[in-house]
Amino acid sequence: MSTLKGIVHPYIEGANKSGFQVTMNIPTKMQGHLVRFIHRLTDDKDGNGNFIDLSSNPVLVNLQYNLNENGINRYILNNHINHATITVNHVIPSDTTDVYSETEDRKPNMVVVHETANPNDSIWGEINYEKANYNKAFVHAFVDGNQIIEISPTDHEAWGAAYPANGRAVQFEQVEVYGANNFTRELVNAAYYTAYKMNEYGMIPSLAQANGTGTLWSHHNVTQYIANGKTDHTDPDGYWANRASRYFGTSYTMKDFFELVKYEYSHL
């Protein structure tokens, strides 16, 4: 929903009695996009006679988000949990991969969310492992409850989810953390990194679809929709379900995370 109000010019006699207000519904697909509103002054009720068009400046249509439907997102909102600062420490050689091979402009057009499936390791333990074994697999970044660490330049592909996802996606891993507050802080860090990278590359947050569209993907979505048997991972579904049930007695899904990403995107 958007409301436009007319501008009153005080130097024009009687202008304080003029003006207009228009309320319109904005389609979901336009959320997050820059648009222009055209005001047409015409002598024809259908707008096809003599007319003058006045164009607005570009207007960003705000993303609509709802953090109140899920108990964890509501906890994050009510407790004002903020994200960490992104630390750049590119320990993966920049020439390991080239630019994105599955997009026309050679830039990423999606973000893939992973989790490490390692219940006993730290963020630096995971980073050091990938530093030593990047020729087999690696992602662009890691997050936990306290840190967001980017280990590989996101202008180049990572090897975390099989092709074609590798050729399209910024990819990051969540380290398994413990405790309700620690888990929520990790979710906020994950959502912020996702939103930050989407904004950097001109993506608008949208959920993965079976036809391969959408900008927000889990590794499970990749398995479901585009991997063609090249990967069978289902993360982060199980990890989120475990922590959400254990600490909050609820569930947490990509739809819930999507709301958090939109929130962070709208506050960049």
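This is a short tour of a predicted model, moving from its sheet to its helices and then to a few backbone details.

Before you start, note that residues are numbered from 1 along each chain as its sequence is written, and that side-chain values use heavy atoms, with hydrogens and water left out. Because the model is predicted, local features need pLDDT of at least 70 and side-chain atom pairs count only at pLDDT 80 or more, while totals for chains, interfaces and linings use all residues.

**Stop 1: the sheet**

Colour by secondary structure; helices (H or I, at least four residues) and strands (E, at least two) are DSSP runs, numbered from the N terminus. Now find the open sheet of six strands, in the order β7-β10-β9-β11-β8-β12, with mixed pairing. Here two strands pair if DSSP finds at least two bridges between them. Select 86-88 and 216-218 to see the edge strands, β7 and β12, each of which pairs on one side only. Averaged over this sheet, neighbouring strands are turned by 25° against each other, direction ignored.

Next, select residues 141-143 (β9) and 169-174 (β11): these strands run parallel and are joined by three bridges.

Angles run from 0 to 180 degrees between N-to-C directions, and axes are lines fitted to C-alpha atoms, for helices over the stretch in contact.

**Stop 2**

Show the side chains of Lys 197 and Glu 150, which meet in a salt bridge at 3.0 Å, N to O. Lys 197 belongs to helix α3 and Glu 150 to strand β10, so the pair ties together parts that are 47 residues apart in sequence. The structure holds four salt bridges (a side-chain nitrogen of Lys or Arg within 4 Å of a carboxyl oxygen of Asp or Glu).

**Stop 3**

Select α3 (residues 180-200) and α6 (residues 254-266). Their axes come within 8 Å and cross at roughly 60°. The two helices are therefore oblique to each other (under 35 degrees counts as roughly parallel, over 145 as roughly antiparallel, 65 to 115 as roughly perpendicular and the rest as oblique).

Which residues of α6 meet α3? Look for Phe 257, Leu 260, Val 261, Glu 264 and Tyr 265; on the α3 side, the residues include Leu 187, Ala 191, Tyr 192 and Met 198. Contact means heavy atoms within 4.5 Å. By class, this contact of α3 with α6 has 11 nonpolar, two polar and one charged residue. Ala, Val, Leu, Ile, Met, Phe, Trp, Tyr, Cys and Pro count as nonpolar, Asp, Glu, Lys and Arg as charged, and the others, Gly among them, as polar.

The axes of α1 and α3 come within 10 Å and cross at roughly 85°, which makes α1 roughly perpendicular to α3. Ile 72, Tyr 75 and Ile 76 of α1 meet Asn 181, Phe 183, Thr 184, Leu 187 and Val 188 of α3. That contact has six nonpolar, two polar and no charged residues.

Turn to α1 and α6: their axes come within 9 Å and cross at roughly 25°, so α1 is roughly parallel to α6. Here Asn 73, Ile 76 and Leu 77 of α1 meet Asp 256, Glu 259, Leu 260 and Tyr 263 of α6.

**Stop 4: backbone details**

Most residues other than glycine have a negative phi, and most peptide bonds are trans. Zoom in on Pro 164, in the loop between β10 and β11; the bond joining Tyr 163 to Pro 164 is cis, with omega about 10°. Another cis bond runs from Asp 235 to Pro 236, with omega near 5°. Finish at Ala 117, which has a positive phi of about 60° although it is not a glycine.
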